[in-house]
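The sequence and the structure are shown below.

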Amino acid sequence: MQFIFNLPHMLRLKAMMQPWEAAVTGADQTRMAKRADELGYDMIAVPEHFAIPRDHVELSGPHYLQSTTAQAYLAGATSSIRLNSCITVLPLQHPIVLAKALATADWMSSGRMMVTFGVGWLQREFELLGVPFHERGRIADEYLAAIIELWTSETPRFEGRYVSFDDIAVEPKPVQKPHLPVWIGGDADASLRRAARYGTGWWSFLTPPEQIAERIEYLKSQPGYDGRRFDVVHGMATRRVGEGHTVRDDPEARSGMSAQEIIDRLCWLGEQGVTVSAVPLPAVSGVDEYLDYAQWVIEEIKPRVP
């Protein structure tokens, strides 16, 4: 099992956040990322939204980073931990610009960048950026194919409804080959089909954990899946968040679980096909206490989870 380090104040989500997190600064996050790197965490993942409608702030909070910018910064502050997103809202970004940004960060970090693409769900955000919300799945499929073409071809060429290019050169290419890992976030059948065709990982959000094995089977039954190694992410605290960021009460996602309870839960998730997870943020008072807990997770939990 790979372990994600939950970096506080990536967002202020009512379902998951503790009051002290709102005071965490960028400098604090830098120090915490460096410590997570030293401890041997596998990954930091950065959420993304561009604008939150005022009537949604109570549940979603107003605070989100631009994922690629934050990933690149954190890569520069660390030496071995991998930097992912959760998620990068693909239809809201120009694929040439995004492909360049991600490849640049992968090149500068010696191949430690990843990306999790999603189609988005907040309609008002699409309206603000002039992107047709009900076409977002088709846009995402086209953009993803175009990005991979830009990353892998010496003479990139693409002809689509939403983006076209030809007779261009685009470098640097990603250090990782054939390109940096692409994961897909989302729970709909279309997301799993997209993951089967393009991805090496699936980030589940609203899928109940007892249905993950069944959904993995569906993904791997798709024509686009070729038997490649595939990661599956399910954070233990994910079940606190419902559709539209509503608050859910789930005893399997509570903070303050004992070591054995956490180990048993992670082992059970592994049996369902989960390969990447995160332990719920405990009730602590601040950064230093949280880092002590993060060390405890690596020393006491990780060695006992296959």
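The second largest cavity is lined by Ala99, Lys100, Ala103, Leu150, Trp151, Val170, Pro172, Lys173 and Pro174. A cavity is a set of points, on a 1 Å grid over the protein atoms alone, where a 1.4 Å probe fits but cannot get out, and lining residues have an atom within 4 Å of a point. The model is predicted, so local features need pLDDT of at least 70 and side-chain atom pairs count only at pLDDT 80 or more, while totals for chains, interfaces and linings use all residues. Residues are numbered from 1 along each chain as its sequence is written, and side-chain values use heavy atoms, with hydrogens and water left out.

**Second largest cavity**
- This cavity has a volume of about 30 Å³, where a volume is the space filled by probe spheres set on the points, joined across faces, edges and corners.
- Helix α4 contributes the most to this lining, with three residues; helices (H or I, at least four residues) and strands (E, at least two) are DSSP runs, numbered from the N terminus.
- Its lining comprises seven nonpolar, no polar and two charged residues.
- Nonpolar covers Ala, Val, Leu, Ile, Met, Phe, Trp, Tyr, Cys and Pro, charged covers Asp, Glu, Lys and Arg, and the others, Gly among them, are polar.

**Largest cavity**
- There are two cavities of 30 Å³ or more, and the largest has a volume of about 100 Å³.
- Of the 13 residues that line the largest cavity, Ile4, Tyr41, Val279, Tyr290 and Val297 are the closest to its centre.
- Helix α10 (residues 287-301) supplies the largest share of this lining, four residues.
- The lining of the largest cavity has twelve nonpolar residues, one polar residue and no charged residues.

**Asn6**
- Asn6 is located in the loop between β1 (2-3) and α1 (26-39).
- With a relative accessible area of 30%, Asn6 is partly exposed, a class between buried (under 20%) and exposed (over 50%), using a 1.4 Å probe and protein chains only.
- Leaving out residues up to four places away in sequence, Asn6 touches Ala278, Val279 and Tyr290; contact means heavy atoms within 4.5 Å.
- The Asn6 side chain reaches the backbone oxygen of Val279 at 3.4 Å.

**Arg228**
- Arg228 occurs in the loop between α8 (212-220) and β10 (231-233).
- Its side chain makes a polar contact with the side chain of Asp226 (2.7 Å).
- A polar contact is a pair of N or O atoms within 3.5 Å; within protein, one must be able to donate a hydrogen and the other to accept it, and residues adjacent in sequence count only if both atoms are side-chain atoms.

Key
On a 1 Å grid over the protein atoms alone, a cavity is a set of points where a 1.4 Å probe fits but cannot get out, and a pocket is an open set with protein on both sides within 12 Å along at least five of seven lines; lining residues have an atom within 4 Å of a point.
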